[in-house]
Amino acid sequence: MTFLCATDLDRTLIYSRGALETHGDTLRSLVAVERREGKSASWMTERAAAAFAGLHEHAAVLPVTTRTPEQWHRVRLPGAPARYAVTANGGVLLVNGHVDHSWDAVVAAELAQCAPLAEIWAHMSQVCRPEWTVKLRNARGMFCYAVLHRKRVPPGFVAEASGWAAQRGWQLSLQGRKLYWVPRSLTKSVAVAEVARRLETEVVLAAGDSLLDADLLDYADRAIVARHGELFAAGWSAAHATVTAESGVRAGAEIVDWFAAQVT
Ligand SMILES: [Mg+2]
């Protein structure tokens, strides 16, 4: 049996300082896997890092992230570099670190199914008030996000904005300080299916934590979801999916162990 281990990054496999703080995790026994402006920015446990490096011997490993390619390139995961990476929530497929432009037409067709980014951007710019918004970002003309002072965001704002976006074929996902606005048709699973096809893998294993991972976990043959984050909070479940016992950075270690147990 050949396996594809498709894993979300942030708050699934790797944890930023903010993510660590949320769960009361300390930097002890952690390995830095991201550098930003000369400083470490994301971590895994030492055990997870060692197990993750070993995973490549038994399976194809596929990082899958909503990060843009530029944000992904700051990450150095343990072990051999992955041949493929799915970035921009499925919008950009990287092969050996380079953008695969043969994927552009698929993405253009996906984006044509929902309201244009310009309409979403205009609305986001208006409703994300400067009193509690740090900055707004356009991700390669595919989707956008707002960085927020999370504690100052008015109650009910995300639910209301989600309703507005849903009518236009978009969905919201709140991950730490970032509120993502992403077309429902731009999915991680379609890009992962493409990689599974190219690599001719038989079984797709997937891990995630946020609403943007739901389609990937649904698509996978077997899945694991972190005991924290949007999916867990929403009570997401599936017959082929399990939930970690731990939360925070130790959930990340458990997820790597789960991948290893599936493929060996
Ligand atoms: Mg995540």
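Which residues coordinate the magnesium ion? In this predicted model, the ligands are Asp8 (OD), Asp10 (O) and Asp209 (OD).

**View 1. The magnesium ion and its donors.** Asp8 (OD), Asp10 (O) and Asp209 (OD) coordinate the ion at 2.1 to 2.2 Å. Along the chain, these donors follow the spacing D-x1-D-x198-D. Aspartate 8 has a relative accessibility of 5%, which is under the 20% limit for a buried residue.

**View 2. The salt bridge between lysine 188 and aspartate 8.** The two side chains meet at 3.1 Å, N to O. Lysine 188 belongs to helix α7 (residues 188-199) and aspartate 8 to strand β1 (residues 3-8), so the contact ties together parts that are 180 residues apart in sequence. Lysine 188 is buried, at 1% relative accessibility. Aspartate 8 is likewise buried, with a relative accessible area of 5%. Aspartate 8 is also one of the residues that coordinate the magnesium ion, through OD.

**View 3. The salt bridge between arginine 67 and aspartate 10.** The side chains of arginine 67 and aspartate 10 meet at 2.7 Å, N to O. Arginine 67 sits in the loop between β5 (60-64) and α3 (69-72), and aspartate 10 in the loop between β1 and β2 (15-16), so this pair ties together parts that are 57 residues apart in sequence. With 8% relative accessibility, arginine 67 counts as buried. Asp10 is listed among the magnesium donors with its O atom, while its side chain takes part in the salt bridge with arginine 67.

**View 4. The salt bridge between glutamate 34 and arginine 74.** The side chains of glutamate 34 and arginine 74 meet at 3.0 Å, N to O. Glutamate 34 is in strand β3 (residues 30-36) and arginine 74 in the loop between α3 and β6 (84-87); the pair links distant parts of the chain, 40 residues apart. Glutamate 34 is buried, with a relative accessible area of 3%, whereas arginine 74 counts as partly exposed at 26%.

Notes. Residues numbered from 1 in each chain as written. Predicted model: local features only at pLDDT ≥ 70, side-chain atom pairs only at ≥ 80, totals over all residues. Heavy atoms only, no water. Donors = N, O, S within 2.8 Å, 3.2 Å for Na, K, Ca; no water. Buried < 20%, exposed > 50% of the residue type's maximum accessible area, 1.4 Å probe, protein only. Salt bridge = Lys/Arg side-chain N within 4 Å of Asp/Glu carboxyl O. Helix = DSSP H or I, 4+ residues; strand = E, 2+ residues; numbered from the N terminus.
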